[in-house]
Amino acid sequence: MEIKLYKQLPQEAVVIRTKVFVEEQGFEEEYDERDNTACHLVAFENEQPIATCRFFWDNERNTYILGRLAVLPQYRGGHVGAALMKEAQAQVDALSGSAIYLHAQCTASAFYEKQGYQKTGAVEPEQGCPHIWMYKKWK
């Protein structure tokens, strides 16, 4: 598996996010202004895009935010998401970051806990889906 970093939203990430979040999960507001300023990671297997996520600095929270982590269904359970999160942490660390926050779908919170993230705050809806803030600090 190869993971590539993009400074703009690549078409490969659009395809993956559309399949996972729009078609599979029914989200309608998938793309936002953050896509224009975020860094995007895309994982490839045999040159085919299989997963993506984005990360960006959030002035309001004064921290990096990871989001839009999506793995195509046929590649789930193979540690692809964990590899993307590890790479995102390495990228944030290289930018002198020491923590990442994310707004997790509650159904995915156990996955994030396995990656070292902790829940913080209350459950809240995002497009009708329960989410919770989680974070990981390493410095």
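## Exposed or buried, and where the model comes from

A residue is called buried when its relative accessible area is under 20%, exposed when that area is over 50%, and partly exposed in between (1.4 Å probe, protein chains only). Take glutamate 47: its relative accessibility is 72%, so it counts as exposed.

A word on the model itself: it is predicted, so local features need pLDDT of at least 70 and side-chain atom pairs count only at pLDDT 80 or more, while totals for chains, interfaces and linings use all residues. Residues are numbered from 1 along each chain as its sequence is written, and side-chain values use heavy atoms, with hydrogens and water left out.

## The chain as a whole

The chain has three helices and seven strands. Here helices (H or I, at least four residues) and strands (E, at least two) are DSSP runs, numbered from the N terminus. Read from that end, the order is β-α-β-β-β-α-β-α-β-β.

Of the 139 residues, 42% count as buried. The accessible surface comes to about 7,800 Å², and 46% of that belongs to carbon and sulfur atoms; the areas come from the Shrake-Rupley method with a 1.4 Å probe, and for residues only the protein chains shown count as cover. Now for contacts, meaning heavy atoms within 4.5 Å. Among contacts between residues at least 6 apart in sequence, 58% join residues at least 24 apart.

## Helix 1 and what follows

Helix 1 covers residues 11–24, and at 1.5 Å a residue its 14 residues should span 20 Å; the end C-alpha atoms are 18 Å apart, which agrees. The expected span is 1.5 Å times one less than the number of residues. There is a bend of about 35 degrees at threonine 18, where a bend is the angle between axes fitted to the seven residues ending there and the seven starting there.

Which residues of helix 1 are buried? They are Ala13, Ile16, Arg17, Val20 and Phe21. An α-helix has 3.6 residues a turn, so residues three or four places apart point the same way. The cover over the buried residues of helix 1 includes strand 2 (39–45), strand 3 (48–58), strand 4 (63–71) and strand 5 (99–105).

After helix 1 comes glycine 26, with a positive phi near 80 degrees. Glutamate 28 sits in the loop between helix 1 and strand 2, and it is exposed, with a relative accessible area of 74%. Its C-alpha atom is separated by 12 Å from that of cysteine 129, although the two are 101 residues apart along the chain.

## Helix 2 and glutamine 89

Helix 2 (residues 80–94) has 15 residues, which at 1.5 Å a residue should span 21 Å; its end C-alpha atoms are 21 Å apart, which agrees. Its buried residues are Val80, Gly81, Ala82, Leu84, Met85, Ala88, Gln89 and Val92. Just past helix 2, serine 96 takes a positive phi of about 70 degrees.

Glutamine 89 belongs to helix 2. At 19% relative accessibility, this glutamine counts as buried. What does glutamine 89 touch, leaving aside its neighbours within four places in sequence? The answer is Ile100, Lys136 and Trp138.

## Aromatic pairs

A search of the whole structure turns up five aromatic pairs. Rings of Phe, Tyr and Trp (its six-membered ring) pair if their centres lie within 6.5 Å; planes under 30 degrees apart count as stacked, over 60 as edge-to-face and the rest as tilted.
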